[in-house]
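We will go through it one selection at a time.

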Amino acid sequence: MAFQPLDPLLHAELRLAVMSLLIADEEAEFPYIKEQTGATAGNLSVQIEKLSAAGYIKVKKTFKGKRPCTICRITAKGQKAFTAYVEALKGYLEVGDK
Amino acid sequence: MEENMELTAERSLEIITEQIEKSRRSVSKDTGQWLFVTGLIAMIMSVIVASANLLSWTPLFHLLWFALPVVIWLVMKYVNRNRVPVPESLVGTLVKKTWYTILAFALVYSVIATVWNIVLQHYESPEVFLHAGMHITPTILTLLAVAVSMTGLILKKSSLVWFGLLSFVILKCGLLSLILGRLLSPTVWAKLSFIRPCELIFLFALVGLMLPGWMLKKQK
């Protein structure tokens, strides 16, 4: 049985965690993602940048009062990629169960 | 979390499940905070309204209930001032829409019932009013008990479902009325009928809002 390749962009702990969170929440502020994933701000920024460059998420920089606020939102491309990743994952898990 | 290309399929699945569960949990905690604060304020308010009504011997201070949503909103704003906001999610939106629907029904019912009761009081005899008058507080509290149980179903928290049912049962039994009715003489208790909504609200706020809210808030 041929395995479907796993999207290398999603096959990384932090990026997968961010995408899973955004699949559930659609849109989230940077501090919330940081709190939920337990990542450092620097590492998270780098991974968000990678996901954004691939068009999987959209990053909006805005202000909340006087404080800057970064909002991440999953795109249609990101949702599609995530679905494909989960589908591919199923193949690996089914083989593992046999 | 580090970048790890050696991720196994099991670990990937674990991460996805964990994050989705975390999202559900943060909605649960947020709902818990909201229920707890609402319950606490409603309890304090019922004591204030009942005391003011007793001291003045008029039911006029029931008008204070209209200030309840504003007080809750102000306190929630203060409590959440330093918290990271919980983002919109499917679960969160479902909970919100359930409450908005129930509150809309409660509001429409209370307006219709108030107008109906005023008209009835002015144009009909007290006997007719006694039988045909609409009961506002028990109906609204029943609707809220339904909302609590529905929230429990959405959040997959069976304790919340049971608290909703329990508050409904307590409401229907009139537990406090039963105790106070036995402690006080029937004449005094009958005269105190104008503070009974406060007693119902106090009990509901404790069992249907504050306790389940506290439980949700405290979950790890």
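**A walk along chain A**

Start at the N terminus and follow the cartoon: the elements of chain A come in the order α-β-α-α-β-β-α. That gives chain A 4 helices and 3 strands. Keep in mind that this is a predicted model.

Now zoom out. The C-alpha trace of chain A spans about 55 × 25 × 20 Å along its principal axes.

**The sheet**

Select the strands next. In what order do the strands of the open sheet lie? The order is E1-E3-E2 in chain A, and the pairing is antiparallel. Select residues 27-29 for strand E1 and 57-64 for strand E2 of chain A. These are the edge strands, and each pairs on one side only. Look along the sheet: from one strand to the next, the twist averages 25°.

Show side chains for one pair: Glu27(A) stands opposite Arg73(A) of E3(A).

**The helices on the sheet**

Select residues 30-37, helix H2 of chain A. Which strands does helix H2 touch? Helix H2 packs on the sheet against E1 and E3 of chain A. Its direction makes about 90° with that of E1(A).

Move on to helix H3 of chain A, residues 41-53. Helix H3 also packs on the sheet, touching E2 and E3 of chain A. Its direction makes about 125° with that of E2(A).

**The whole chain**

Show everything again. Of the 98 residues in chain A, 36% are buried. Take the contacts in chain A between residues at least 6 apart in sequence: 55% of them join residues at least 24 apart.

Methods. Residues are numbered from 1 along each chain as its sequence is written. Chains are lettered from A and ligands numbered from 1 in the order in which they are written. This is a predicted model: local features need pLDDT of at least 70, side-chain atom pairs count only at pLDDT 80 or more; totals for chains, interfaces and linings use all residues. Two strands pair if DSSP finds at least two bridges between them. Helices (H or I, at least four residues) and strands (E, at least two) are DSSP runs, numbered from the N terminus. Axes are lines fitted to C-alpha atoms, for helices over the stretch in contact, and angles run from 0 to 180 degrees between N-to-C directions. Two residues are in contact if their C-beta atoms, placed from the backbone, lie within 7 Å. A residue is buried if 20 or more other C-beta atoms lie within 10 Å of its own, exposed if 12 or fewer, and partly exposed in between; C-beta atoms are placed from the backbone.
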